[in-house]
Amino acid sequence: MDHAFEKELEELERSGSLRVEREAPLSKLCSFRIGGPAEYALFPKNESGFIGVCSALRGAGMPIRVVGNASNILFPDEGVRGAVVFMTAMSGARFSGRSVTARAGERVTALASKAKKKGLAGLEFYYGIPGSVGGAVYMNAGAYEHETAEVLDHSRCYDVKTGEITELKKEEHDFSYRHSAYAGTSRVLLSATYLLTPANEEEIGGRMEDYMARRKSKQPLEYPSAGSVFKRYPGYFTAKLIDEAGLKGRAVGGAQVSVKHAGFIINTGGATAKDVKELVKIIEEELYRRNGIRIERELIYF
Ligand SMILES: Cc1cc2nc3c(=O)[nH]c(=O)nc-3n(C[C@H](O)[C@H](O)[C@H](O)COP(=O)(O)OP(=O)(O)OC[C@H]3O[C@@H](n4cnc5c(N)ncnc54)[C@H](O)[C@@H]3O)c2cc1C
């Protein structure tokens, strides 16, 4: 590996703005528990650490690949040569009146709990989603008839190609179902500001507990997974179509269509990315054969 690159990483580590894991098993760093080693798993702890990492990667001619809490990602079995940048060490949130600004790596479940304690409503649907703020804005994460687009006011981002920091206003996010303007661009979210509504803390907490109870009763949370594998198809509940196709319990290796929730593929132990991809293909082909529709994946293949 590039000597200058190693030196830059060491300097960032010494300054306390970066944590580095070398030959890091990605299976331990994602919710699916699947994936080979990453040559470098990089955890910047603040913005200067992140910008330093980007400049080191650019200098070494290595691609800059960023994830949040990796709860919607399938890492490859062969691992990743080069680096994966995890934003999760850049956490924390600052409240001011009705608004809260959260750093990219803040877990959305923790953010919802903090907002509740401040008597601010609007983020209850985040409670139980295992992602970070960056991933939630990128995906326009949502649940129980609510989504990120409703409460986000603006975000700050860093363009990994140009090195420019800019602010995106709400309307510039181009939000739609599980999509935002971040998708497919070189922009990385640094922080997001949400506008919330003052409300009774107990009522907010009641909604959060209700959502969590619904998750526990409907979702196979006892197994590693990446949540719903497919997006809703307009006019259909994909999980229901998968169930009706008789695919519940269908398995390839250690990957199985959950019996509890047909929209989830679970890792019953030792599942590989190859197993998951094969199972995804079986589901896609069967739904096309039976229903004539091409369902779209929500799960991201890294
Ligand atoms: C048990 C379970 C339940 C789930 N329930 C829900 C649910 O109810 N609703 C829902 O919407 N999702 C759900 N998910 C899926 C997942 O948690 C969400 O999509 C979440 O928003 C992903 O966030 P993340 O930080 O894990 O992002 P990752 O999985 O790490 O990344 C997702 C995408 O976002 C990009 N990204 C991440 N951080 C940044 C950043 N700072 N800047 C730019 N791009 C970034 C990545 O490059 C990647 O393309 C569930 C998953 C599991 C395992």
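In the predicted model, four strands form an open sheet in which the order is E15-E18-E17-E16 and the pairing is antiparallel. The edges of this sheet are taken by strand E15 (225-228) and strand E16 (251-252), each of which pairs on one side only. The pairing of E16 with strand E17 (residues 255-257) is antiparallel and extends over two bridges, and within it Ala251 has Gln256 of E17 as its bridge partner.

A further open sheet of four strands has the order E1-E2-E5-E3, and here the pairing is mixed. Strand E1 (18-25) and strand E3 (66-67) stand at its edges, and because each has a single partner strand, one side of each is left without a neighbour in the sheet. Strand E1 is joined to strand E2 (residues 37-44) by antiparallel pairing over seven bridges, among them the one in which Pro25 is partnered by Pro37 of E2.

At the level of domains, the protein chain is divided into domain 1 (3-86), domain 2 (93-203) and domain 3 (220-301). The centres of domain 1 and domain 2, taken over C-alpha atoms, are separated by 23 Å, and the contact between these domains draws on 13 residues from domain 1 and 13 residues from domain 2.

The size of an interface is often given as the accessible area lost when the parts come together. For domain 1 and domain 2, the buried area is about 1,000 Å², with carbon and sulfur atoms giving 56% of it. On the side of domain 1, Glu47, Phe50 and Asn69 together supply 41% of the area buried against domain 2, which is more than any other three residues supply.

Polar interactions also occur across this interface, where five residue pairs between domain 1 and domain 2 are in polar contact, with both residues at pLDDT 80 or more. One salt bridge is found across the interface of domain 1 and domain 2. A salt bridge is formed by Arg156 with Glu47, whose closest N and O atoms lie 2.8 Å apart; Glu47 is also one of the three residues named above for their share of the area that domain 1 buries against domain 2. As to secondary structure, helix H2 (residues 47-59) contributes five residues, the largest share of the side of domain 1 that touches domain 2. By class, that side of domain 1 comprises five nonpolar, five polar and three charged residues.

Methods
Residues are numbered from 1 along each chain as its sequence is written. This is a predicted model: local features need pLDDT of at least 70, side-chain atom pairs count only at pLDDT 80 or more; totals for chains, interfaces and linings use all residues. Side-chain values use heavy atoms; hydrogens and water are left out. Domain bounds come from an automatic or database domain assignment. Contact means heavy atoms within 4.5 Å. Buried area is the accessible area (1.4 Å probe) that two parts lose on being put together, summed over both. A salt bridge is a side-chain nitrogen of Lys or Arg within 4 Å of a carboxyl oxygen of Asp or Glu. A polar contact is a pair of N or O atoms within 3.5 Å; within protein, one must be able to donate a hydrogen and the other to accept it, and residues adjacent in sequence count only if both atoms are side-chain atoms. Ala, Val, Leu, Ile, Met, Phe, Trp, Tyr, Cys and Pro count as nonpolar, Asp, Glu, Lys and Arg as charged, and the others, Gly among them, as polar. Two strands pair if DSSP finds at least two bridges between them.
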